[in-house]
Amino acid sequence: MKTISINGLYAITPDSDDRDALLRKVEAGLTGGARVIQYRNKTEGAPHLEMAKGIAALCRQFNAVFIVNDDVELALQTDADGVHLGRDDGDIAPARSSLGAGRIIGVSCYGSLARALEAQAAGADYVAFGSMFPSSTKPQAPHAPLSLLTEARQVLQVPIVAIGGITLHNAPQVVDAGADAVAVISAVFDTPDIAQAAQAFSNLF
Ligand SMILES: Cc1ncc(COP(=O)(O)OP(=O)(O)O)c(N)n1
Ligand SMILES: Cc1nc(C(=O)O)sc1CCOP(=O)(O)O
Ligand SMILES: [Mg+2]
């Protein structure tokens, strides 16, 4: 049985409507050592079920954790390890009823430690803080300071994920501040050598 843990490189897929191209990218990320893959694809009309099923199979092959963004139903349909929920994606309780105790629920907490404490109390399995740095993927994301990670580390029991504008250059600060995992889109997937980028992030842990 696979041990489910949230640490190391947590790679999040870029928007895409090309299944085969996306799967090649994800495979490269896994080859480089990504420990968690989140299927996040805001492209309308993309073959979401087929893409997510393909990524689920790759994650099984590499013994990595597979998380679906936003969509509890898609997580169930693809036998994902869990789901990631933001403030517009529904509450933890109904997601837990659907997913059961064995699957992961991750929750976006932006710059709010209070939200993270609430999420932990409501049964979240990990929390995410961000945006740590300006993000070209999500330029309007609210900012979370590095000191929040350190503060959160002292009071939370669940793993802490940092997200937003994380690069190979600034990731060491995030890890030193207390993150268990770095969630990255562009600095992994918008690079000419995805496996090499993923390996460099993985080497930080
Ligand atoms: C690991 C992780 N952290 C934060 C987010 C952002 O979630 P959300 O605020 O719901 O925004 P969208 O990703 O849905 O645009 C995430 N997806 N993953
Ligand atoms: C999806 C997402 N959520 C964020 C948050 O702060 O909650 S930042 C973000 C984008 C992350 O992409 P990149 O690694 O390219 O900056
Ligand atoms: Mg969301």
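Start at D79. This residue is partly exposed, because 13 other C-beta atoms lie within 10 Å. The cut-offs, with C-beta atoms placed from the backbone: buried means 20 or more other C-beta atoms within 10 Å, exposed means 12 or fewer, and partly exposed is in between. D79 sits in the loop between α3 (72-77) and β4 (82-85). Helices (H or I, at least four residues) and strands (E, at least two) are DSSP runs, numbered from the N terminus. Check the backbone of D79: phi is near 50°, a positive value in a residue other than glycine.

Before going further, note the ground rules. This is a predicted model, in which local features need pLDDT of at least 70, side-chain atom pairs count only at pLDDT 80 or more, and totals for chains, interfaces and linings use all residues. Residues are numbered from 1 along each chain as its sequence is written, while chains are lettered from A and ligands numbered from 1 in the order in which they are written.

Now colour by pLDDT, the predictor's confidence in each residue, from 0 to 100. The protein chain averages 97, and 99% of the residues score at least 70. The model scores ipTM 0.99 and pTM 0.98. Where pLDDT is low, predicted coordinates should not be read in detail.

**Backbone stops**

Select Y110, in strand β5. Its phi is near 55°, again positive in a residue other than glycine. Y110 counts as partly exposed because it has 19 C-beta neighbours inside 10 Å.

Next, select G130 and S131. The peptide bond from G130 to S131 is cis, with omega near 10°. S131 is found in the loop between β6 (126-129) and α6 (146-155).

**Strand β3**

Select residues 65-69, which form strand β3. Take V65 there. V65 is buried, since 24 other C-beta atoms lie within 10 Å. Show its contacts (C-beta atoms, placed from the backbone, within 7 Å). Leaving aside neighbours within four places in sequence, V65 touches I4, I6, R35, V36, C59 and D81.

I67 counts as buried because it has 27 C-beta neighbours inside 10 Å. Beyond four places in sequence, its contacts include V36, Q38, H84, I104 and G106. I67 and R40 are 27 residues apart in sequence and 8.9 Å apart in space, C-alpha to C-alpha.

**An annotated pair**

Which residues does the UniProt annotation "binding site" cover? Select D70 and D89, as given in the unreviewed entry. UniProt positions are in the numbering used here, feature names are shortened, and annotations may be inferred rather than shown by experiment. The two span 20 residues in sequence, yet no two of their C-alpha atoms are more than 5.5 Å apart, so they gather at one spot. D70 is in the loop between β3 and α3. D89 is in the loop between β4 and α4 (92-99). D70 is partly exposed, with 18 other C-beta atoms within 10 Å. D89 is partly exposed too, with 15.

**The two ligands**

Go on to ligand 2. It also has 16 residues around it, and G130, S135, T137, G164 and S186 come nearest. Here β5 (104-110) and α8 (186-189) give two or more residues to the shell.

**The core**

Finish inside. The largest nonpolar core has 68 residues, and V127, V161, A162, V182 and V184 touch the most other members. Such a core is a set of buried Ala, Val, Leu, Ile, Met, Phe, Trp, Tyr and Cys residues joined through C-beta atoms within 7 Å. Helix α2 (residues 48-62) gives the largest share of this core, five residues. Zoom in on A162. Leaving aside neighbours within four places in sequence, its contacts include F129, G130, L149, V174 and V182.

How values were computed
Two residues are in contact if their C-beta atoms, placed from the backbone, lie within 7 Å. A residue is near a molecule or strand if its C-beta atom, placed from the backbone, lies within 6 Å of it.
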